[in-house]
Each structure stands twice: as structure tokens, then as C-alpha cells.
Amino acid sequence: MKKTPQPEFHLDESSAMPLYMQLVNAIKLAVAEGRLHPGDVLPSERTLVETLNIARGTARKALQQLLEEGVLVRNQGSGTFVAPHVLQSLPLLESFSEMAVASGGEAQSELVGYQRRASAPEERRALQLTDGKDEVVELTRLRKINGIAVSLQTAILPAALLDKISELDESLYLHLEKKGAPVLRASQRFRAVLVDNKLAHYLNIGEHEPLLLVTRTGFTHEDKPVEYTRTWCLNDYYDFTIELHRKES
């Protein structure tokens, strides 16, 4: 987690608005104006009490409301941080790196699994592989924004598109572009799932908590599939927006 110079928060004791609500609004404004970024450490309750000359209960109530609204996230033993928010307006097709930048953060990935292996039936159907001996590359990464883990993603690619793991930079989509197989369109499915042992370990959450599973198949030129990914998203950090239109009579 990164530490940055703390912005000043100004409260007006003569205002009719409660002090805790003024502090809530001041922190939200600092985030909106870019004075606080995803992953930035927020001052502790004690620091807020001393610098703003407010009661500890006032600081605690403000921080609790921001935690409940998802503006902040608290890591036990590490402090309170500005939460990242991955915003995606469907049907806009974006890579994780692009969504992270749009949210005001920086994408990072931690490689937790990589193997070249025979394809499974489900993967052959998704990637339209006709030979049962066709190999795929399985790439599992913990996706982060400014150091905060927001999802775990497993991507399956035809083996020919990734010869060595050293070829891959931060963005899988940029890599596919370099290979001459840019993702031009994708189909996505969403469903709720419960956390298992593996997800609980990597995402640092309890077992049996709900997650959003996004399954994507990406297609390149001539509608050829080049990626089959499953992303387990922490609900606190993802916001998908879909614009709907009524059918004309």
C-alpha cells in the first residue's frame, strides 16, 4: 500500500450540518478531486481527532459510514484505505488495465499460476478447438489496483498465443494485439458464486462469502475465439452498468 501526503479536511462548527457528515463529504470530495487515490492510507481516528479537534465518536461515525458506502476499505492491522472501484459500462469492451486507469488507479497483477497443458472439453468448445490434443495455456493472476486485490482471474488461451510467460507484460490484451489477434468483441456471463478455499486464500476473505463470477470469451478477426477467462470479483470493488432500451412497437 502506498502512503501519500494527506489532504487537509476543513470542518465548520457553525454549520447546521453534523460534523461527522461534514467529514464524510470532505473525504468524498478529496477522492473526487484526486487528492486521495485508490490505495491511499487515510489518517487514523486518533489523527483525525487531534488535527480536526473533534470527538473520537465523530471520527468513528464518519469512517464507518464511508466503509459502509464502499468509499473506504479497512485491512486488519494495516489501516483504512481509499477503496478502488472498477467501473465498466457495458457493452464497452475494456481490459482490466484500462478499467483500472479509468477508476483513477494503476493496474497490477500477481502471477499465481501458469501451465501449458491439454485442453479440457469446456475449453475446446469455448475456443473452438477441434483436436482433442490441442494445448492451451492457463494463466491465473491476482488482479490489483494500487496494491489492493480486487479479483482473481484465470485466462485460457490457445497455446500458440503465449509461448513463454516472459512474453507477457501487464496487459493480456496488449499482448494479443502484438500477436496479431486483438480482442475485437466478447461475450460475457455473470453469476453469483460462493468462495472456496482457493479463492478465500488469494482474496483474503472468508469461505462461503458471495462473489461475482464473470466468464468472458473474446473473439478476434473472423470471429475466432482467442481467450476464455473467468474472473472472480470482490463485490465491494466492481460496478457494471448496462444501458437498456425498450423495443420499438
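Which side chains meet in a salt bridge at 3.2 Å, N to O, one of them being R46? The views below take up this pair and others in a predicted model.

**View 1. Salt bridge of R46 and E50 in helix α2.** The side chain of R46 meets that of E50, with N to O at 3.2 Å. Helix α2 spans residues 45-52 and holds both partners. R46 and E50 sit four residues apart, about one turn of the helix. Both are exposed.

**View 2. Salt bridge of K144 and E110.** Here the side chains of K144 and E110 pair at 3.2 Å, N to O. E110 has 36% relative accessibility, so E110 counts as partly exposed.

**View 3. Salt bridge of E123 and R117.** The side chains of E123 and R117 meet at 2.7 Å, N to O.

**View 4. Network of E45, R56 and R60.** Salt bridges with shared partners join E45, R56 and R60. The three residues form one network.

**Overview. Salt bridges across the structure.** How many salt bridges does the structure hold? The total is twelve. Among them are the R46 and E50 pair, the K144 and E110 pair, and the E123 and R117 pair. Side chains of opposite charge can pair when their charged atoms come close.

Definitions and conventions:
Residues are numbered from 1 along each chain as its sequence is written. This is a predicted model: local features need pLDDT of at least 70, side-chain atom pairs count only at pLDDT 80 or more; totals for chains, interfaces and linings use all residues. Side-chain values use heavy atoms; hydrogens and water are left out. A salt bridge is a side-chain nitrogen of Lys or Arg within 4 Å of a carboxyl oxygen of Asp or Glu. Helices (H or I, at least four residues) and strands (E, at least two) are DSSP runs, numbered from the N terminus. Buried means under 20% relative accessible area, exposed over 50%, partly exposed in between (1.4 Å probe, protein chains only).
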